[in-house]
Amino acid sequence: MKIVITDGFTLNPGDLSWKDFDSFGEVIYYDRTPPDKILDRVRDAGVIVTNKTPVSAEVINECKHLKLIAVTATGYNIIDVAAAQRRNVLVCNVPEYGTHSVAQHAIALLLELSNHVGVNNESVHEGKWSSSVDWCYTKSPIIELKEKTLGIVGMGRIGNQTAAIASALGMEIIFNRGEARTISARKVSLEHLFQESDFISLHCPLRPDNEKFVNRELLALMKPTAFLINTSRGQLIDEQALAEALSNRSIAGAALDVLSKEPPIEGHPLTKLKNCIITPHTAWLSKEARSRILKTSLENIRKALAGTPQNLIL
């Protein structure tokens, strides 16, 4: 059996090990695979292991020995699942690995919006405190989170964990989609959530019916003092509409770990705005979360080859 790992570097930049995959057969590893090389690299593969490298219908149809596509992530929109089904190729993913890591990052973004730790730290290192006429200062007003409202769109595992941490900070929680499992929270309409929230955090998967659902109309419902946080998928937001809202100060700010195209094009409108914090899709990158991905992916392959597949898509 030939196993091809198309883009292993982001998952394992060297602090984990792929050695257990050798038990399945010949393993061919690539740090990353450009689209024009995918077919040549996986043509003879029995198993394709991919994180973000797309596997199209053309690739699936040309891979005559292909039995399994193992996605080392939860999202699987990079795979033509229908084409895989037609060829009886199994597709599996990792449905749960980063609940705590992603929720932690969402809260880190929320705290940066409220406390401006990074901005204030930078000013101190620039010598601003040493030259200050006062004994203390802040570059931007600090917001106390107690009794502020956090609106969560998508109350799944990560949404619930984010809500639990925010609740411990004294925040009131409202949500749309899903169910609150461990804390007291109110379920409201999407429109009401955007109107009432002081902070909004997106925790929903990308589907054809919710692409760019955060549009001009929803953004216009937000308070001018409110903030938008996204650690899910960049395509959930109409980025041009968000850039306009931030530029016009019709909302106070945003904090994003994801963009619609990654890496973003040079000069992306959101990267130029001071009231938009952007991290380069790092919420999932803890070693603990990546270890879970490797362990689950290994087990996905083991089970599939034994005829008892798990974590199947559709």
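Biologist: In which loop is proline 263 found?

Modeller: This is a predicted model. Proline 263 is found in the loop between strand 11 (253–256) and strand 12 (276–278).

Biologist: What kind of peptide bond joins glutamate 262 and proline 263?

Modeller: The general idea comes first: most peptide bonds are trans. Here, glutamate 262 and proline 263 are joined by a cis peptide bond, with omega at about -5°.

Biologist: Where does asparagine 88 lie, and is asparagine 88 buried or exposed?

Modeller: Asparagine 88 lies in the loop between helix 3 (81–86) and strand 5 (90–92). Its relative accessibility is 67%, so asparagine 88 counts as exposed.

Biologist: What is the phi of lysine 212, and where does lysine 212 lie?

Modeller: Lysine 212, which is not a glycine, has a positive phi of about 55°. The loop that holds lysine 212 runs between strand 9 (199–202) and helix 8 (216–221). With a relative accessible area of 46%, lysine 212 is partly exposed.

Biologist: How should I read helix 4? What span does helix 4 reach from its first C-alpha to its last?

Modeller: One compares the span with the value expected at 1.5 Å a residue. Helix 4 (residues 99–115) has 17 residues and reaches 24 Å, close to the expected 24 Å. Just after helix 4, histidine 116 takes a positive phi of about 55°.

Biologist: Why is helix 4 described as largely enclosed by the rest of the structure?

Modeller: The description holds because 12 of the 17 residues of helix 4 are buried. Among them are Val102, Ile107, Leu109, Leu110 and Leu113, together with His105 and Glu112.

Biologist: Finally, how many disulfides does a search of the whole structure find?

Modeller: In general terms, a disulfide is a covalent bond between the sulfur atoms of two cysteines. The search finds zero disulfides in the whole structure. For cysteine 276, the nearest cysteine sulfur belongs to cysteine 204 and is 17 Å away. A pair counts as a disulfide within 2.5 Å, and cysteine 276 is in no disulfide.

Biologist: Is cysteine 276 buried or exposed?

Modeller: Cysteine 276 is buried, at a relative accessible area of 9%. Cysteine 136 is partly exposed, at 41%.

Terms used:
Residues are numbered from 1 along each chain as its sequence is written. This is a predicted model: local features need pLDDT of at least 70, side-chain atom pairs count only at pLDDT 80 or more; totals for chains, interfaces and linings use all residues. Side-chain values use heavy atoms; hydrogens and water are left out. Helices (H or I, at least four residues) and strands (E, at least two) are DSSP runs, numbered from the N terminus. The expected span of a helix is 1.5 Å times one less than its number of residues. Buried means under 20% relative accessible area, exposed over 50%, partly exposed in between (1.4 Å probe, protein chains only).
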